[in-house]
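I opened this notebook to record what I looked up about domains and ligand surroundings.

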Amino acid sequence: MFETLKPQPADKILALMQMFREDPRDNKIDLGVGVYKNAEGLTPVMRAIKAAEHKLWEEQTSKSYVGLAGDPAYGDAMIKLILGDAVARDNIAAAATPGGTGAVRQAFEMIKMANPSAKVHVSDPTWPNHVSILQYVGIETVTYRYFDRETRGVNFDGMIEDLKLAAKGDVVLLHGCCHNPTGANLNETQWQDVIALMNERGLIPMIDIAYQGFGDGLEEDALGVRLVAAGCPEVLIAASCSKNFGIYRERTGLLMAVAQDKGLQVVNQGTLAFLNRQNYSFPPDHGARLVTMILNDDALRADWMAELEEVRLGMLGLRTDLANELQRLSGSDRFGFLAQHRGMFSLLGTSPELVEKMRLDNGIYMVSDSRMNIAGLNTATIPVLAKAIIDAGV
Ligand code: PLP
Ligand code: TYF
């Protein structure tokens with residue numbers, strides 16, 4: 001049987017991580033995988049997570065199974081964090097998943113189950129896993145224009161033109177905030193326009209939100225997802241706690257299905273539980289429990305929010321510093337987009353050849369599409385990167 005298997009394509013982001021590890025140069029700079037790093041290059045356990053883990057160790061008396069959809073308190077706390085009061089709780093079905101990837105996978109399976117002929121429209125570019133999982137699940141994928149390679153902002157006219165071609169019942173996958181890989185995001189008016197178009201054409205939004213709190217703030221980053229949830233009849237939302245709680249390896253995510261028609265909530269909830277059971281039975285609990293403890297405890301929550309804000313402001317500062325340094329070296333404003341982008345990533349918008357050149361000449365590791373993880377920088381490496389970008393002729 002095994003002899004029939006073929007080698008599978010590697011994930012280019014994870015392959016880069018391995019390449020970085022194997023590079024012997026001391027001055028190498030890792031701008032690859034989307035993991036937050038502080039100025040010392042470390043990914044620390046957040047203070048509130050440590051405190052919650054300590055408390056959990058003291059108080060937890062059983063590790064018996066929870067429910068197929070995870071602990072309902074986790075769903076409630078996350079729904080409040082992401083959606084605020086945008087939608088009545090009765091309209092939302094929710095299930096814990098292994099990370100945001102698990103939520104994305106289960107969302108695609110739910111789409112496939114509900115409407116096998118639905119296509120999913122993804123931004124060009126998007127997180128490579130979106131495309132790869134869609135293909136694996138057997139859903140036809142279509143891209144819509146998103147990134148303007150000149151301005152490095154959103155090509156909104158192109159996006160709208162392309163979405164107008166989508167058929168009724170198709171799904172439109174949107175990034176809730178901090179677009180991966182570009183860093184370019186919709187503003188409020190653009191969100192409203194996309195919602196109007198989706199409703200006009202009977203398209204179903206799916207939102208992937210993996211960086212709430214990394215862009216303009218916890219509430220600000222939820223603006224788009226809240227507008228969509230309140231403004232469209234049906235929405236799928238895949239959320240990740242990996243980044244904003246710094247619990248990457250705990251695999252903590254949530255899938256929500258929002259339906260304005262209350263009658264659908266029960267079947268949706270049952271479907272999410274069923275899909276969990278088919279794939280892994282019970283979702284992981286440890287990370288979800290820590291998140292719930294933090295969100296439901298005033299002191300832990302305040303400390304988590306304070307640390308998340310430090311992380312966010314640190315990345316914004318790095319963006320400004322890098323844009324300023326590039327302005328100084330180039331004598332032009334053409335890198336100003338770096339300060340406008342939000343979240344962990346910016347797409348520099350250069351060729352794979354120049355990305356390769358910067359890796360070989362300067363030990364700078366960015367993804368081949370020229371995505372940079374801004375959190376991989378610090379005050380010492382910003383001038384090095386800026387000089388390499390100019391030297392390479394970007
Ligand atoms: N969606 C996007 C856009 C991402 O960038 C990520 C990466 O972290 C995820 C989902 C899921 O991450 P995880 O499965 O680690 O929670
Ligand atoms: O885009 C990133 O770098 C993060 C981390 O298969 C990641 O989202 C990368 C690849 C992958 C899973 C997570």
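Entry 1, the model. I note at the outset that this is a predicted model.

Entry 2, domain division. I looked up how the chain is divided and found domain 1 (10–44 + 301–392) and domain 2 (65–296). I recorded 26 Å between the C-alpha centres of the two domains.

I found 25 residues of domain 1 in contact with 28 residues of domain 2. On the domain 1 side, helix 1 (12–22), helix 12 (298–330) and strand 9 (345–347) each contribute at least two residues. Helix 12 holds the largest share of that side, with six residues.

Entry 4, ligand 2. Which residues surround ligand 2? I listed Asp11, Ile13, Leu14, Val33, Gly34, Trp127, Asn129 and Asn180. By class, this shell comprises four nonpolar, three polar and one charged residues.

I found 14 residues around ligand 1, of which Gly99, Gly100, Thr101, Ser240 and Ser242 come nearest. Helix 4 (residues 99–114) gives the most to this shell, namely four residues. I recorded the classes in the shell around ligand 1 as four nonpolar, nine polar and one charged.

Notes: Residues are numbered from 1 along each chain as its sequence is written. Chains are lettered from A and ligands numbered from 1 in the order in which they are written. This is a predicted model: local features need pLDDT of at least 70, side-chain atom pairs count only at pLDDT 80 or more; totals for chains, interfaces and linings use all residues. A residue is near a molecule or strand if its C-beta atom, placed from the backbone, lies within 6 Å of it. Ala, Val, Leu, Ile, Met, Phe, Trp, Tyr, Cys and Pro count as nonpolar, Asp, Glu, Lys and Arg as charged, and the others, Gly among them, as polar. Domain bounds come from an automatic or database domain assignment. Two residues are in contact if their C-beta atoms, placed from the backbone, lie within 7 Å.
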